[in-house]
Amino acid sequence: MKNSISLILPCRNEANNLPDVVQSIPDCVDEIIIVSNKSLDNTVEAGRQLAAKDARIKIIEDNRTLGGIGYGFALMSGFKAATGDILTCGDGDGNCPFQQIGEIADFLLANNYDFISCNRYPLQGGTKIPFKLRLGVALLNWEIRLLYAIPIKDALSGMWVFKKSIVEELHLTAGDWNLSPQIKINAATNPHINFTEYSIAQ
């Protein structure tokens, strides 16, 4: 039986980006969960309009924040609502290579991984990431290596592919941006979770 795939999109004020983002999502994705967090534009309405044309789409709202940021809360609500065997996540701004979801999910299953964090470095295809962001990621990578002995290459990647069955074992608590490094650290340090990174072109 085919493993079903759910994609969770945490969104804040992404109404203008959602049509192009949804169009970029491949047919291998069975469920698309758009999670609006404190959107001041018509993100929810834009999602509903897209859902009327694409039965895969579900719209939910989670307006909790921590210090004004609700990224982690949005993702945790999406994980809870998802029905797929495999969960994947990515930003709602169109910067994630969703066309690679199928190949990454196949790699996860073929190699018996439980969690894959997508790695943007070294940059591929002429992609440019601001120097300050690259420096911040490098420093965080170094800190995680020092504190947790995890040889991570991209601590702040927002695209992951993992089995829904491990969600409870991830023990996620961070409601803000810190969920991104937390989910990787918790996956990589859990002896029951087989973790790796996968190079993507972003």
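Analyst: Buried means under 20% relative accessible area, exposed over 50%, and partly exposed in between, with a 1.4 Å probe and protein chains only. The model is predicted, so local features need pLDDT of at least 70 and side-chain atom pairs count only at pLDDT 80 or more, while totals for chains, interfaces and linings use all residues. Residues are numbered from 1 along each chain as its sequence is written, and side-chain values use heavy atoms, with hydrogens and water left out.

User: How many aromatic pairs are there?

Analyst: Rings of Phe, Tyr and Trp (its six-membered ring) pair if their centres lie within 6.5 Å; planes under 30 degrees apart count as stacked, over 60 as edge-to-face and the rest as tilted. By this rule, the number of aromatic pairs is 6.

User: Is the pair of Y71 and W177 stacked or tilted?

Analyst: The ring centres of Y71 and W177 are 4.8 Å apart. Because their planes stand at 35 degrees, the pair is tilted.

User: Is the pair of F107 and Y198 stacked or edge-to-face?

Analyst: The centres of the F107 and Y198 rings lie 5.1 Å apart. With planes at 65 degrees, the pair is therefore edge-to-face.

User: Is F107 buried or partly exposed?

Analyst: Y198, at a relative accessible area of 16%, is buried. The relative accessible area of F107 is 29%, so F107 is partly exposed.
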